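Thanks for coming, everyone. Please take a look at the model on the screen, and then I'll walk you through it.

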Amino acid sequence: MSRIVDVLVVGSGMAGLVAALAAADQGRSVRLLTTGMGSLAISGGSVDFLGYADGRFAADPWQGLAMLPEDHPYSLLGAESVRSAFQFFANVMEGQHWPMRPALSQDGTPRNTQLPTIMGTLKPTYLLPASLHTEALASAKKVLVLSVQGLRDCRPSLVVSQLRRYKSWADKEFTQGLLPSPFGDTHRAISALDLARMADKPHSRRWLLDALAPHAGKYDLILIPPLCGSKANPEVWQAVNAAAGCPVVEMLSIPPGVGGLRLRDALLQALNKHNFELVENTTVLRAETTGKTCTALVAEASGQERHHAARAFVTATGGILGGGMTLEPGQCWDSVFGIDITVPQDVSQWSEPKIFGNHLFSRMGVRVDRTMRPVDDAAVVRWQNVFFAGRSLGGYDYATEKSGHGVAIATGWQAGLMAAAAAAAGENQ
Ligand SMILES: Cc1cc2nc3c(=O)[nH]c(=O)nc-3n(C[C@H](O)[C@H](O)[C@H](O)COP(=O)(O)OP(=O)(O)OC[C@H]3O[C@@H](n4cnc5c(N)ncnc54)[C@H](O)[C@@H]3O)c2cc1C
């Protein structure tokens, strides 16, 4: 049995890390158990809040909140709590010198930004690294779209031809180009992460700065794949923008998630300032409960089981993708507490023929109350000191709404705060 901690968090995706930070910020001791890195390792570096509400682009996501169904995690929390959670996250990132901010409308209200992807599509997203000049996306006339020789995931010709289809981009003057590969002639497929890692260190970063230099001063904006470092390091951005002589904007990319790794890096650095312990490569197998109280989680690492006792627990194990839910035909349950998630027996009802359709499996998850405690079908709280966050929750489809990290931040913050309060109450008993 390990030393008892105040709050035990499961999962190191966005929800688990924010929950750990929120609890630790209340002065609680926190241990985080995790199998892997979660979807931050494959996601972009911007925070989607609510890109689409009721199927339509939500320029102002705060207004879009009013259109969500009442079992949506944002609706359960209420707009004020969501705002506080985003403020908490913004403060943490500011403290890590990696500020994350929304773009502003002309009247100063925060709005979603339509960020180009390496497929040449535009994706609505909300919080962006402050180093990314959103104004240049709208104002730039002369745009250079760059990739790197050997980087198969990004083709400037595709980006340009697709972006031209959008009204807001149609009148821009595009040029396309390839930067030389820093690896020379190689048959190995290069990923954006390989290139980003080169930019981490000043001596190997030289490659990127030298490659950008010939383009300096010729354009209003340069679009590149995410290769400006794998860490949340503003120095890389300052150097890249200076070398390019104009704003440089990274396009959103397919995995590996260079941008997501930067967010993870910043959050872990912030956690290291607290009474925090990270236990990786550990899978939680089951929970030990007595009546309405959870006493410990049993986890397995290197073939050995270990009991982790705590005063309160946050489960942020992701959805089907994160390993937080186990599926069998006609059945679905959460992998740690074994909570049954009511689903139709007929599996054909779990999805729709259209790929961007209204898929039930995308919204399947644990039902909670507004404190993030899991509840049963009669809305009765199952355990007093257990809280769920992130994609393990039901009632939303992050992919069609574009709300992934946003829901993880909002619910992670609430779960962390509530767990800290439950731990304090447990300590005083
Ligand atoms: C390809 C892709 C790109 C995306 N890009 C973006 C983006 O740019 N912006 C955005 O806002 N959203 C994005 N999203 C969505 C976003 O990543 C997720 O919705 C959100 O971050 C979910 O976070 P989470 O912490 O709930 O779950 P996850 O990130 O899935 O984390 C779950 C964690 O739990 C751990 N775990 C699971 N079971 C156990 C267990 N039994 N014991 C111990 N640990 C366990 C996992 O190892 C993992 O660490 C993207 C998603 C995908 C798939």
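Let's begin with open space. On a 1 Å grid over the protein atoms alone, a pocket is an open set of points with protein on both sides within 12 Å along at least five of seven lines. A cavity is a set where a 1.4 Å probe fits but cannot get out, and lining residues have an atom within 4 Å of a point. Points join across faces, edges and corners, and the volume is the space filled by probe spheres set on them.

Some ground rules. This is a predicted model, where local features need pLDDT of at least 70, side-chain atom pairs count only at pLDDT 80 or more, and totals for chains, interfaces and linings use all residues. Residues are numbered from 1 along each chain as its sequence is written, and side-chain values use heavy atoms, with hydrogens and water left out.

Now, the second largest pocket. Its volume is about 480 Å³. It is lined by 25 residues, and Asp 71, Gly 365, Val 366, Arg 367 and Gly 394 are the closest to its centre.

The largest cavity has a volume of about 170 Å³. Of its 21 lining residues, Gly 44, Gly 45, Glu 250, Leu 252 and Gly 259 lie nearest the centre.

On to domains. An automatic or database assignment sets the bounds. It gives domain 1 (5-94 + 264-427) and domain 2 (106-262). Their centres, taken over C-alpha atoms, are 31 Å apart. Domain 1 puts 26 residues into the contact and domain 2 puts in 22; contact means heavy atoms within 4.5 Å.

What about the core? A nonpolar core is a set of buried Ala, Val, Leu, Ile, Met, Phe, Trp, Tyr and Cys residues joined through side-chain atoms within 4.5 Å. Buried means under 20% relative accessible area, exposed over 50%, partly exposed in between, with a 1.4 Å probe and protein chains only. The largest core has 133 residues, and Phe 89 and Leu 223 touch the most other members. Apart from it lies another core of 5 residues, including Ala 192 and Leu 261.

Last, cysteines. A disulfide needs two cysteine sulfur atoms within 2.5 Å. The whole structure has 0 disulfides. Cys 332 is buried, at 1% relative accessibility.
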